[in-house]
Amino acid sequence: MFDKEALEKIKERQEQWEETTLQQWLARLPERDELFRNLSDMPIARLYTPADIPDFDYLEELGFPGEYPFTRGIHATMYRGRLWTMRMFSGYGSAEETNERFKYLLKHGETGLSVAFDTPTLYGYDTDDPMAEGEFGKCGVAVSSLADMEILFDGIPLDKVTTSMTINAPAAILWAMYLVVAEKRGIPWTKIGGTIQNDILKEYIAQKEFVFPPKPSMRLIVDTFEFGAKYVPKWNTISISGYHIREAGATAVQELAFTLYDGFEYVKAGIERGLDVDEFAPRLSFFFNAHNDFFEEIAKFRAARRIWAREMRNRFGAKDPRSWWLRFHTQTAGCTLTAQQPENNIVRVAIQALAAVLGGTQSLHTNSMDEALALPSELAVRIALRTQQIIAHETGVVNTIDPLGGSYYVEYLTRKMEEAAYEYFRKIDAMGGMIAAIEKGFPQKEIADAAYRYQKEIDEKKRIIVGVNEYVSDEPITIPIHKIDPEGERRHRERLARVRRERDNERVRQCLERLRNAAQDERENLMPYILDCVRAYATLGEMMKVLREVFGEYREPIII
Amino acid sequence: MAEEKIRVLIAKPGLDGHDRGAKVVARALRDAGMEVIYTGLRQTPEMIAEAALQEDVDVVGLSILSGAHMALLPKTVQLLREKGLDHVLVVAGGIIPDEDVPKLKEAGIAEVFGPGTSTQTIVEYIRNKVAEIRRSRKNA
């Protein structure tokens, strides 16, 4: 795009500038550091010019929004047409309390729901299981059977609001519960939309909420791809997630590379099942983290879109442009929230959210300022939601598409992120794919190393975290702390006992038996069997127990 | 004679999968010259107490971010004491609200390290406390 002569001139002038203006300036005022680096440890230059991207090709690298390679955005009008979905991840205590929080958020202008489940639910245990001790409702809402799901979505129009569910090992079961709630209300499955996270690979890598070994886990995931494509066409059957990888300590590059590689594995698994790639790929969605280094994050999002489009088209032969789209949700980085001076988190979240918007996100969760202390209070979550509304309605950044496109720095960095991701792809290819890499502990080790390096930088004050290792204050924390209703667990346990007592237990036994038989036969898609169990009010724990018995449980290699 | 190395068990009680902090602390303690055993995830209080006994550790570090600390941490201390591990220093880290800290200390958790604690603080605390415990055991 830049002609050679012009580039030569720029280089020449830059050298002159370095010898004169810059030298004089440095002599008077040396720079604050010898080396400036981003969070992925890439050196960042003082200045970027066309000479840093000499062979930049606009049409090849950026193109136009809504067209391959989608670097500038997946939609032709982006936020001029429709704002991103404001989707606040929420859930705590019993279904009643979370339902109330959903309604509170919708009343305040939230445009999509996102469910956080408690840890027993995430691992597929009922609340009264001994493994669930002390965990009820702590990290999210407890859902043990269809009865809880009915209350959770009571009064919420499932055909109008889309719902994202952060659920992985038991994703097929929780999705089936949602589908049956819709069915019981007479809402056709073709009308409901939403997302199940359903991304087990990042569980092995980072979040660690796995249950089954990789093979049966991948089978369950492909079952949902296949079922969704046929019966629930507006549902995103997976949200391939970098968020948790990043939270575990990964750099932006690692987040980008491991997440996209996980994506490749799911596509491969779908194709191996015999599905046409264009049948399921348009329903694959992504989930990224928005961390502190503003431009690095923006470059990451742009690089992700470009890589995904290229790999889907070239490596996997997808023909439908929708299969090339990398649609993604973003959450601001929980790990950057500080318990010290929590009000400062409002500012961090705003800047991170802005990076997500400038990176072209399709939906966004903004963290609440109090999340390093407890679950968010109503006040904190409202400010977090308002942050998105201020970005959307007051800053003007939504008026034009990809406003940072063409910045020498951002384009340079987008390229660098891409190159670094491909380096990881080659390494993982050489190991025989992501599952083999996980079994070797490769991504886990890379992440642990990065996490340790980051912590050391903070401890040694090479990296300043405001209020933590600099600008420290010992004023007491005055923001309100959210408490969950201690009655919730009792209510939930009573409901669970009533479900077990009042349902047709013979029907439950038969449904579970059919599920067991189907699980033992690899040719079966398990979704219809799970749906039957759900309809009969079999509990989450009962279904998962059957699957645990057939599939076994995964034990991870311990990596420090 | 060189001082005997400090042995630390880092454990993740409950269903909480957030192991970033546990691993970072494990590595920092190791770099500070301690011997560190990491249990991995999803440990019950019984499993942790048993591991502490088997590994003959000076310190048990419990990392928990799930909010289940009031149910799991006092129970772990109690089981350690029941096994006769009275000298084992038990510390905790994670997302633990301030108001729970006094209750945990009463239950035998010597110190709680919240978010933002430097690894150096933890290293120094453990070194000092273990030295103190060793001295008092020698004199006893």
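**View 1. A nonpolar surface patch in chain A includes Val466(A).** Val466(A) lies in the loop between helix 18 (442-459) and helix 19 (487-502) of chain A, where helices (H or I, at least four residues) and strands (E, at least two) are DSSP runs numbered from the N terminus. The views show a predicted model, in which local features need pLDDT of at least 70 and side-chain atom pairs count only at pLDDT 80 or more, while totals for chains, interfaces and linings use all residues. Residues are numbered from 1 along each chain as its sequence is written, chains are lettered from A and ligands numbered from 1 in the order in which they are written, and side-chain values use heavy atoms, with hydrogens and water left out. Val466(A) forms the patch together with Ile464(A) and Tyr471(A), with about 290 Å² of accessible area for the three together; such areas come from the Shrake-Rupley method with a 1.4 Å probe, and for residues only the protein chains shown count as cover. Patches are made of residues with over 30% relative accessible area and no salt bridge, like charges being joined within 9 Å and nonpolar side chains (Val, Leu, Ile, Met, Phe, Trp, Tyr) within 5 Å. Val466(A) has a relative accessible area of 36% and is therefore partly exposed, given that buried means under 20%, exposed over 50% and partly exposed in between (1.4 Å probe, protein chains only).

**View 2. Five glutamates gather in a patch of negative charge on the surface of chain A.** The residues are Glu8(A), Glu12(A), Glu15(A), Glu18(A) and Glu19(A). Lys and Arg count as positive and Asp and Glu as negative, whereas His and the chain ends are not counted; the place of a charge is taken as NZ of Lys, CZ of Arg, CG of Asp or CD of Glu. Glu8(A) belongs to helix 1 (residues 4-28) of chain A, and its relative accessible area of 46% makes Glu8(A) partly exposed.

**View 3. Arg500(A) forms salt bridges with Asp126(A) and Glu542(A).** A salt bridge is a side-chain nitrogen of Lys or Arg within 4 Å of a carboxyl oxygen of Asp or Glu, and the structure holds 59 of them over all chains. In the pair of Arg500(A) and Asp126(A), the closest N and O atoms are 3.0 Å apart. This pair links distant parts of the chain, 374 residues apart, with Arg500(A) in helix 19 and Asp126(A) in the loop between helix 4 (119-123) and helix 5 (146-152) of chain A. Arg500(A) is partly exposed at a relative accessible area of 25%, whereas Asp126(A) is buried at 5%. In the pair of Arg500(A) and Glu542(A), the closest N and O atoms are 3.8 Å apart. Glu542(A) counts as buried, with 18% relative accessibility. Elsewhere, salt bridges that share partners join Glu96(A), Asp148(A), Asp485(A), Arg491(A) and Arg495(A) into one network.

**View 4. A salt bridge is formed by Arg27(B) and Asp449(A).** The closest N and O atoms of this pair are 2.7 Å apart. Arg27(B) lies in helix 1 (residues 20-31) of chain B and Asp449(A) in helix 18 of chain A, so the pair joins two chains. Arg27(B) counts as buried at 11% relative accessibility, while Asp449(A), at 28%, counts as partly exposed.

**View 5. A cis peptide bond joins Tyr68(A) and Pro69(A), and Met78(A) has a positive phi.** Omega of the cis bond is about 0°, and Pro69(A) is placed in the loop between helix 2 (58-62) and strand 1 (85-90) of chain A. Met78(A) lies in the loop between helix 2 and strand 1 of chain A; although Met78(A) is not a glycine, its phi is about 45°, and the residue is buried with a relative accessible area of 7%.

**View 6. Asn198(A) is a residue other than glycine with a positive phi, near 55°.** Asn198(A) sits in the loop between strand 4 (194-196) and helix 7 (201-207) of chain A, and, with a relative accessible area of 3%, Asn198(A) is buried.
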